[in-house]
Amino acid sequence: MSSSDFYSSLNAQLAGLLSEERDWLANTANASALLFMELADINWAGFYFLCGDELRLGPFQGKPACTRIPVGAGVCGTAVATGEAQLVEDVHQFPGHIACDAVSASEVVIPLYDGDRCLGVLDIDSPSVARFTEEDLAGLRGFAEVLLQNSDLSGA
C-alpha cells in the first residue's frame, strides 16, 4: 500500500471513530490509540496542550512521558514557538532535545491550531533514525485536520 493510500485509510478510520463524538479529550485519546495501533515502528504517539508558556501532557500511548515542556524547548516546544511542523531524522542531533524516552531516535511534531490560536501539538516518536518522511508529515497533517474538524475545541 502506498503512503498516500495508507494515510487516506487512516484518516477515514479516524473520521469514522469520531463521527459520534465531539469531546476533544475523548477524541485525542482515541486518536493517539489509533496512531499507536496503526503506525509501524513507533514507540510514542500523543498530544501536548498549550497552557500559558508551556505544553502539558495530554492523552498518549507509550511509556510515561515528560509532563511539561516550555515553549521553545525541545522538538515540541520548537513546533509551538515557530508555528511549524518538525520532522527530525535524529533527535540526538536536535539542539535542546528533551529525552523523555532515551530509546526515541526520530520524531515528528505537528502544531494544532484553532484559527490563529495554537492549542498544542501532535507528537510521534520512533526508535529508528529517519523513520518519518515528508509523506508521513503530509499524512499526519491530514490526520490532525480530521481531528480538529471533528472535535469541539472550546475546552482545549
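Buried means under 20% relative accessible area, exposed means over 50%, and partly exposed lies in between (1.4 Å probe, protein chains only). Keep that in mind for the charged pairs below.

The model here is predicted, so local features need pLDDT of at least 70 and side-chain atom pairs count only at pLDDT 80 or more, while totals for chains, interfaces and linings use all residues. Residues are numbered from 1 along each chain as its sequence is written, and side-chain values use heavy atoms, with hydrogens and water left out.

**Charged pairs**

A salt bridge is a side-chain nitrogen of Lys or Arg within 4 Å of a carboxyl oxygen of Asp or Glu.

| Pair | N to O distance |
|---|---|
| R56 and E54 | 2.8 Å |
| R117 and D114 | 3.7 Å |
| D136 and R131 | 3.2 Å |

R56 is partly exposed, at 33% relative accessible area, whereas E54 is buried, at 17%. Over at the next pair, R117 is partly exposed at 39%, and D114 is partly exposed too, at 36%. D136 and R131 are both buried. E54 and R56 also join R68 in a network of salt bridges.

**Helix packing**

Two packed helices are described by the angle between their axes and the distance between the axes. Helices here are DSSP runs (H or I, at least four residues), numbered from the N terminus. Axes are lines fitted to C-alpha atoms over the stretch in contact, and angles run from 0 to 180 degrees between N-to-C directions.

Take helix 1 (residues 3-18) and helix 4 (residues 134-149): their axes come within 9 Å and cross at roughly 15°. That makes the two helices roughly parallel, a label for angles under 35 degrees. Who does the touching, counting contact as heavy atoms within 4.5 Å? On helix 1 the residues include Y7, L10 and L14, and on helix 4 they include D136, G139 and F143.

Helix 1 also packs against helix 2 (residues 24-38), at an angle of about 150° and with the axes 10 Å apart. Here F6, L10, Q13, L14, L17 and L18 of helix 1 meet N27, N30, A31, L34, L35 and E38 of helix 2. By class, this contact has 8 nonpolar, 3 polar and 1 charged residues. For the classes, Ala, Val, Leu, Ile, Met, Phe, Trp, Tyr, Cys and Pro count as nonpolar, Asp, Glu, Lys and Arg as charged, and the others, Gly among them, as polar.

Technical notes: Angles under 35 degrees count as roughly parallel, over 145 as roughly antiparallel, 65 to 115 as roughly perpendicular and the rest as oblique. Contact means heavy atoms within 4.5 Å.
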